[in-house]
Amino acid sequence: MAMKDDKDQWDVVIDPSRAWWLVDLREIWRYRDLLVLLVRRDLLAVYKQTILGPAWQVVQPLLTSLTFAVIFGFLARMSEAGIPPLLFYMSGVVPWLFFANVTNRTAQTLVFNAQLMTKVYYPRLISPIATTLSSSVSFLVQLGAFALFALYYHLSGLHAWTLGKELAMLPVLVLVLMSIGFGAGLIVASITTKFRDFGLLLGFGIQLLMYLSPVIFPLSRVPEGGVLRRFLELNPMTPVIEGFRAVLVGSAMDWSTLVYGASCGMVLVVVGILVFQRAERSFADFI
């Protein structure tokens with residue numbers, strides 16, 4: 001750029017080619033090769049130099065579910081009657097871990113990719129999309145592990161329920177779950193660039209939110225009209241977890257409540273993208 005004698009004046013001013021609230025999907029598609037590389041990097045980096053490697057994908061939800069089954073299922077009797085405690089808790093833990101991973105990793109994506117973002121240009125949305133897709137691969141592996149356990153319980157006669165027409169709702173549940181985690185992660189990621197405290201508080205907040213979600217107990221055990229019931233119904237993760245249980249283990253489910261969860265997911269994605277792109281112009285100044 002050439003500059004006049006007055007240092008406050010420029011001969012050439014470069015402005016963004018599009019408004020900050022517009023998403024250029026064609027540009028993201030042009031960088032699809034980078035997206036694939038980032039997904040591959042995320043998958044390899046998590047389990048690099050570990051003894052169990054990808055087996056951690058199964059170990060984490062299994063150990064968590066076993067702990068919940070012993071404490072809350074066998075001792076506290078909080079699981080749903082007629083469903084083996086391990087299957088009951090695994091059907092809630094697997095989608096919850098997916099939500100937690102998507103939210104946490106998306107929220108930290110700007111900090112983790114700071115060196116790349118300050119050196120080369122690429123659509124910044126590529127980074128959080130890559131973390132979401134890599135988390136989705138882990139989720140599918142964990143869902144497959146659950147299917148093996150469910151098959152064992154079915155063949156052994158310990159759980160007679162089989163998959164039904166509710167299985168058609170599984171892709172919808174996955175999309176709603178992904179949208180809630182992705183949108184929330186984008187919002188926190190944008191705020192974290194200026195205030196790192198939010199990134200530190202996020203892990204605690206998600207852990208606390210788990211106890212306000214029907215992960216360790218079914219919604220049917222909470223009395224209607226109470227304060228706890230109202231908090232649970234306001235939580236968009238409640239119909240999602242209940243939906244996964246209805247599909248995977250045959251729990252009762254009012255599918256009309258999923259509209260609320262889907263609406264919250266769409267709002268979070270739209271707001272998250274807008275906040276993310278608004279803050280995108282100052283990313284390099286803070287990270």
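Q: Where is serine 91 found?
A: Serine 91 is found in helix α4, residues 85-107, where helices (H or I, at least four residues) and strands (E, at least two) are DSSP runs numbered from the N terminus. Please keep in mind that this is a predicted model, in which local features need pLDDT of at least 70 and side-chain atom pairs count only at pLDDT 80 or more, while totals for chains, interfaces and linings use all residues. Residues are numbered from 1 along each chain as its sequence is written, and side-chain values use heavy atoms, with hydrogens and water left out.

Q: Is serine 91 buried or exposed?
A: Serine 91 is buried, with a relative accessible area of 1%; buried means under 20% relative accessible area, exposed over 50%, and partly exposed in between (1.4 Å probe, protein chains only).

Q: And which residues is serine 91 in contact with, leaving aside its neighbours within four places in sequence?
A: With those neighbours left aside, serine 91 is in contact with Phe146, Phe244, Arg245, Leu248 and Val249, contact meaning heavy atoms within 4.5 Å.

Q: OK, helix packing next. How do the axes of α4 and α7 cross?
A: The axes of α4 and helix α7 (residues 126-155) cross at roughly 170 degrees and come within 9 Å. That crossing makes α4 roughly antiparallel to α7, on a scale where angles under 35 degrees count as roughly parallel, over 145 as roughly antiparallel, 65 to 115 as roughly perpendicular and the rest as oblique. The axes are lines fitted to C-alpha atoms, for helices over the stretch in contact, and the angles run from 0 to 180 degrees between N-to-C directions.

Q: Switching to charges: how many salt bridges are there?
A: The count comes to four salt bridges, each being a side-chain nitrogen of Lys or Arg within 4 Å of a carboxyl oxygen of Asp or Glu.

Q: Which side chain meets arginine 105 in a salt bridge?
A: The side chain of aspartate 42 does, at 3.9 Å from N to O. Arginine 105 lies in helix α4 and aspartate 42 in helix α2 (residues 32-47), so the pair ties together parts that are 63 residues apart in sequence. Aspartate 42 also meets arginine 41 in a salt bridge, at 3.0 Å from N to O.

Q: How accessible are arginine 41, aspartate 42 and arginine 105?
A: Arginine 41 is partly exposed at 37% relative accessible area, and arginine 105 is partly exposed at 22%, whereas aspartate 42 is buried at 9%.

Q: What about glutamate 233, which residue does it form a salt bridge with?
A: Glutamate 233 forms a salt bridge with arginine 229, the closest N and O atoms being 3.0 Å apart. They are four residues apart in helix α10 (residues 227-234), and are therefore separated by about one helical turn. Glutamate 233 counts as partly exposed at 43% relative accessibility, while arginine 229 counts as buried at 12%.

Q: Last one, zooming out: how many helices and strands does the protein chain have?
A: The protein chain has 13 helices and zero strands, and 43% of its 287 residues count as buried. Among its contacts with a separation of 6 or more, residues 24 or more positions apart account for 76%.
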